[in-house]
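The sequence and structure come first, and the explanation follows.

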Amino acid sequence: VVWLKHTGTVAHLFRTGGSPPTGIVAPPHRYTQYELNLRDRLMKEWIEKYSVEYDSRKAAFEYIIKMLKVVFNYLLIDVVTEYTKLMNRWFESQHWYFDDNKMSFEEL
């Protein structure tokens with residue numbers, strides 16, 4: 001939990017698991033629930049738009065990035081970089097990039 005002085009609010013930031021800790025924000029339960037509630041719509045859009053198998057992390061990562069931008073009023077480049085690495089983890093070359101204008105991950 002982090003106290004945000006400039007907003008006077010509390011933000012719940014969670015580290016990812018593993019060793020050593022990455023220090024990036026991980027999707028807590030409410031972000032997973034967000035994806036689960038929208039899964040049917042997200043999967044339908046995914047099939048129409050993307051060439052790879054559905055990855056539920058995309059919706060969660062985008063949601064977290066959007067919410068962090070609202071709180072901090074700017075894009076947190078370190079978080080975007082780490083999430084982009086995670087989205088590309090299972091590909092031999094870079095497959096995803098984060099589009100700042102659309103606020104979403106897009107295929108190259």
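Why are Glu-35 and Arg-39 separated by about one helical turn? They are 4 residues apart in helix 1 (residues 29–49), and therefore about one helical turn lies between them. Helices here are DSSP runs of H or I with at least four residues, strands are runs of E with at least two, and both are numbered from the N terminus.

This is a predicted model, in which local features need pLDDT of at least 70 and side-chain atom pairs count only at pLDDT 80 or more, while totals for chains, interfaces and linings use all residues. Residues are numbered from 1 along each chain as its sequence is written, and side-chain values use heavy atoms, with hydrogens and water left out.

The side chains of Glu-35 and Arg-39 form a salt bridge, at 2.7 Å from N to O. A salt bridge is a side-chain nitrogen of Lys or Arg within 4 Å of a carboxyl oxygen of Asp or Glu, and the structure holds 6 of them. Glu-35 is buried, at 3% relative accessibility, whereas Arg-39 is partly exposed at 31%. Buried means under 20% relative accessible area, exposed over 50%, and partly exposed in between, with a 1.4 Å probe and protein chains only.

Another salt bridge joins the side chains of Glu-106 and Lys-49, at 3.5 Å from N to O. Glu-106 lies in strand 4 (residues 104–107) and Lys-49 in helix 1, so the pair ties together parts that are 57 residues apart in sequence. Glu-106 is buried, with a relative accessible area of 6%; Lys-49 is partly exposed at 48%. In helix 3, Glu-82 and Lys-85 are 3 residues apart, which again means a separation of about one helical turn. Their salt bridge has its closest N and O atoms 3.6 Å apart, and Glu-82 is partly exposed at 25% relative accessibility.

The next topic is the nonpolar core. Such a core is a set of buried Ala, Val, Leu, Ile, Met, Phe, Trp, Tyr and Cys residues joined through side-chain atoms within 4.5 Å. The largest one has 16 residues, of which Ile-65, Leu-75, Val-79, Tyr-83, Trp-96, Phe-98 and Phe-105 touch the most other members. Helix 2 (57–72), helix 3 (77–87) and strand 3 (96–99) are the elements that give two or more residues to this core. In soluble globular proteins, nonpolar side chains tend to be buried together.

Contact means heavy atoms within 4.5 Å. Leaving aside residues up to four places away in sequence, Phe-105 touches residues including Tyr-50, Phe-61, Ile-65, Tyr-83, Thr-84, Trp-96 and Phe-98. Thr-84 is found in helix 3 and is buried at 13% relative accessibility. Beyond its neighbours within four places, Thr-84 is in contact with Gln-94, Trp-96, Tyr-97, Phe-98 and Phe-105.

Taken as a whole, the chain has 3 helices and 4 strands, in the order β-β-α-α-α-β-β. Buried residues make up 34% of its 108 residues. Among contacts between residues at least 6 apart in sequence, 43% join residues at least 24 apart.

The average pLDDT, the predictor's confidence in each residue from 0 to 100, is 79, and 71% of the residues score at least 70. Strand 3 has the highest mean, at 97, and strand 1 (residues 2–4) the lowest, at 42. Over residues 1–22 pLDDT stays under 50, and the model has 32 contacts beyond four places in sequence for them. Where pLDDT is low, the predicted coordinates should not be read in detail.
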